[in-house]
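Welcome! Let's take a walk through this structure together, one part at a time.

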Amino acid sequence: MKYARLTKEQFEELHQEFINFLASQSITADEWKQLKTEKPDVAEQELDVFSDLIWEGVLNKVKYLEHISPKQLMLFHISEAFMELIAIKVDNENIDITTDYGYKWLQQNLHDDAVNLYTSTKAITDDRNKDIFILIQQGSVITKGELYTYFRDLLSE
C-alpha cells in the first residue's frame, strides 16, 4: 500500500465509487461477499488498491496545505515542481494562535519581536503525492490557500 487505508466512514461516503471500482474489476456484489468470507486477504488487497486510487485522485489536486499549532503556522503552496512554505512562529507564552484572540493578535502584531517569519522553497521529489501525504500524516490539512495568499501578500508589501 502506498498511502493509508480509508477509514470505515470514508468507505461509507464513497460507497458508490467503491461499487464502481469493484465493477471495473468485474467483481459483482455476490462475488464481493464471497471474497470477504472465503478470501479475506484478497478482499483486503482490493480495499487497499481502492484506498490508494482515492488518495491519488485527492493528492493530485492539492495546491495548498496548512498546519496550525498553538505557536506555529505553516502554510504550503504546492506546484508540480516546487513546495513553497511560509512559516510563522510566535514566541509569546500568552498567545495561542489557534484561538480567535491569538490569531487576531498575530494579524495585528506581525512585526512584533515575538513573531518570526520564515519562507522557504524546495523542489518536489520524484513522488509529489507522497511528499504531500507525509505532510497530511503530520497534521496538515488541505485548503484553498486563503491563509497562504493572505500572508504571501502581506510579506510582499
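A pocket here is an open set of grid points, on a 1 Å grid over the protein atoms alone, where a 1.4 Å probe fits and protein lies on both sides within 12 Å along at least five of seven lines. With that in mind, look at this predicted model: its largest pocket has a volume of about 300 Å³. Sixteen is the number to keep in view, as 16 residues line this pocket, and His15, Phe18, Leu22, Trp32 and Lys36 are the closest to its centre.

Which helices supply the lining of the largest pocket? At least two residues come from each of helix H1 (8–13), helix H2 (15–24), helix H3 (29–38) and helix H4 (40–61). H2 gives the most, with five residues. By residue type, the lining of the largest pocket holds 11 nonpolar residues, two polar ones and three charged ones.

Within H4 sits Asp48, and Arg5 is found in the segment before H1. Because of where they lie, the pair ties together parts that are 43 residues apart in sequence. The model's count comes to eight salt bridges.

Now for helix packing. Two packed helices are described by the angle between their axes and the distance between the axes. H4 packs with helix H6 (residues 128–137) at an angle of about 95°, and their axes are 9 Å apart. Angles of 65 to 115 degrees count as roughly perpendicular, so H4 is roughly perpendicular to H6. On the H4 side, Trp55, Glu56, Leu59 and Asn60 make the contact, while H6 brings Arg128, Asn129, Ile132, Phe133 and Ile136. This contact of H4 with H6 is made up of five nonpolar, two polar and two charged residues.

A second pair to look at is helix H5 (residues 100–108) and helix H7 (residues 146–155), whose axes come within 12 Å and cross at roughly 30°. That angle makes H5 roughly parallel to H7. Tyr103, Leu106 and Gln107 of H5 meet Leu147, Tyr150 and Phe151 of H7.

Key. Residues are numbered from 1 along each chain as its sequence is written. This is a predicted model: local features need pLDDT of at least 70, side-chain atom pairs count only at pLDDT 80 or more; totals for chains, interfaces and linings use all residues. Side-chain values use heavy atoms; hydrogens and water are left out. On a 1 Å grid over the protein atoms alone, a cavity is a set of points where a 1.4 Å probe fits but cannot get out, and a pocket is an open set with protein on both sides within 12 Å along at least five of seven lines; lining residues have an atom within 4 Å of a point. Grid points are joined across faces, edges and corners, and a volume is the space filled by probe spheres set on the points. Helices (H or I, at least four residues) and strands (E, at least two) are DSSP runs, numbered from the N terminus. Ala, Val, Leu, Ile, Met, Phe, Trp, Tyr, Cys and Pro count as nonpolar, Asp, Glu, Lys and Arg as charged, and the others, Gly among them, as polar. Axes are lines fitted to C-alpha atoms, for helices over the stretch in contact, and angles run from 0 to 180 degrees between N-to-C directions. Angles under 35 degrees count as roughly parallel, over 145 as roughly antiparallel, 65 to 115 as roughly perpendicular and the rest as oblique. Contact means heavy atoms within 4.5 Å. A salt bridge is a side-chain nitrogen of Lys or Arg within 4 Å of a carboxyl oxygen of Asp or Glu.
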